[in-house]
Amino acid sequence: MVSHLLFESSSGYAIFEAHGLDEIGQNVQAVRDSVTDLNRFGKVVKLFAFQPFESAHDALSQINSVSEGIMTDELRNFLDLNFPEKSKAKDLVLGLADSKLGASIFDETKLPCRSNEFVLELLRGVRLHFEKFIKDLKPGDLEKAQLGLGHSYSRAKVKFNVNRVDNMVIQAIFLLDTLDKDVNSFSMRVREWYSWHFPELVKIVNDNYLYSKLAKFIENKSELSEEKLPALIEVVGDEDKAKEIVEAAKASMGQDLSPVDLINVQMFAQRVMDLSEYRKNLYDYLVTKMNDIAPNLTALIGEIVGARLISHAGSLTNLAKCPSSTLQILGAEKALFRALKTKGNTPKYGLIFHSSFIGRAASKNKGRMARYLANKCSIASRIDCFSDSSSTIFGEKLRGLVEERLDFYDKGVAPKKNIDVMRAAIEEASQQKDDMELDEEPETTAKKSKKTKSKATAEVADGGVEELKSEKKKKKDKKTVDPESDQEDAKSEKKKKSKDKRKLEEQVPEEENDVDDTTSKKKKKSKVEAEDASAASAISESKKKKKAKKSKTEESD
């Protein structure tokens, strides 16, 4: 039997105490009837505790967690505060609406939770009479809180929708299919309309876009002559076909149209041309979006078929969750259920049939080829959905596997193993990632080195300027104090300036290049050693001279 009820409202968490309930003998319909009466319901359910939300942002975060079945820290503190001795209480059972939230509460707090039809009817009564249970709420406050939280919750769900990028592909492929139907129907209408005036043009020109272009260019067939032949060749792109059109216009069996009718035909032909051009632009947009969203699936099966699979599944995530057997018959649900009902043969393929691989396979191998292709499509969609980096390496490798499987069915050539190919693809993808990182690193290091060099030179220059300014100040002070020592001060200042210049010249090359420092040190060492050797040779010569003098004096004595 439920002893307490947890209710998550738009204004805060509330715990209600339920007493006097006998769940075994209760009927759900009887509870539904008694819930609407506040006098009867208020005797059974009473407010036990209430904790309001701090702000609208806090309410949004709490409701997001509750909707995902996660217990927040605030909810845990609220339950611990009101049920401090939950382990000792034997009759304590918490009733709530979401079973996932109840499981997370039981895992963390060991508080027994229950969710069934009986509890849901009690919570419905709480929701109905919630304003009257809380005394501090003013009339209209709860409705404002519900409205604000509902708007923010739905806005957040739309903004942070995982499948929001897939929606563009889904809408684009739907629009592309409708444009194909509209362009075909409109072009047929242009053909039928202009054929009353120039019926021979239908047999000469088969392309709908080119026919609309010619209908707008020719206008009145009686005015078409050889003078317009160069312009007609530019429109058609074939000289022989242009001459054939001119000759057909001369001997045409069509009726004449009034200028107003011709203007309407031209306007309608221009609309058909605009629609066909927009269809081309939309196709280019779809190709770029598919290469961004699902590059591996696009490389494997193509943009149109991949986009149709995503739109039929609802999103790329839903397509990645589908097993390969489900992906194989996507788009053939009616045929599948009809076969199950009539106990006939189930379909072998759905939207995958539009792939070129199924068309190239023999009739006896189409089912096997569809099953193999669906397997590779499921792998490619999972890689696109759950991988961090986007690349077409896996899609190209999987396409190669499908090509080898086709050769195996036709010629008997043994294909490669899937494990070996995927290992090679993983190594190639990791190598490509490392190369991209290496390409990015030198640019950043070069920028950093330039910045450090510029800072060092600026600091050295600033230091030299400050020293010169301080020396100028000292000059002025000395001139005012002791005018007799101007000449000595000027000499000393000149010496200091020369020393400072030498210091600046030595500091800048030291920071720019460390190699110059080592070379300069070696030169200094060599100079010192040379000076020491010359001094030692001079000393030795002086000693020899002294000895020679002594020997001469001794001989004279």
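Me: In what order do the strands of the open sheet lie, and with what pairing?

Reply: Strands are DSSP runs of E with at least two residues, and helices are runs of H or I with at least four, both numbered from the N terminus. Two strands pair if DSSP finds at least two bridges between them. In this predicted model, the open sheet has five strands in the order 3-2-1-4-5, with mixed pairing. Strand 3 (45–52) and strand 5 (113–114) are the edge strands, each pairing on one side only. Strand 1 (residues 4–8) pairs with strand 4 (residues 94–95) in the parallel sense over two bridges; His4 has Leu94 as its bridge partner in strand 4.

Me: Which residues touch the most other members of the largest nonpolar core?

Reply: In soluble globular proteins, nonpolar side chains tend to be buried together. A nonpolar core is a set of buried Ala, Val, Leu, Ile, Met, Phe, Trp, Tyr and Cys residues joined through side-chain atoms within 4.5 Å, where buried means under 20% relative accessible area with a 1.4 Å probe, protein chains only. Here the largest core has 48 residues, and Leu286 and Leu373 touch the most other members. Helix 21 (residues 366–386) gives the most to this core, with eight residues. Apart from this core lies another of 24 residues, including Tyr211 and Ala248.

Me: What is Leu286 in contact with, leaving aside neighbours within four places in sequence?

Reply: Contact means heavy atoms within 4.5 Å. The partners of Leu286 include Val169, Ile173 and Ile304.

Me: What conventions apply?

Reply: Residues are numbered from 1 along each chain as its sequence is written, and side-chain values use heavy atoms, leaving out hydrogens and water. Local features need pLDDT of at least 70 and side-chain atom pairs count only at pLDDT 80 or more, whereas totals for chains, interfaces and linings use all residues.

Terms used. Buried means under 20% relative accessible area, exposed over 50%, partly exposed in between (1.4 Å probe, protein chains only).
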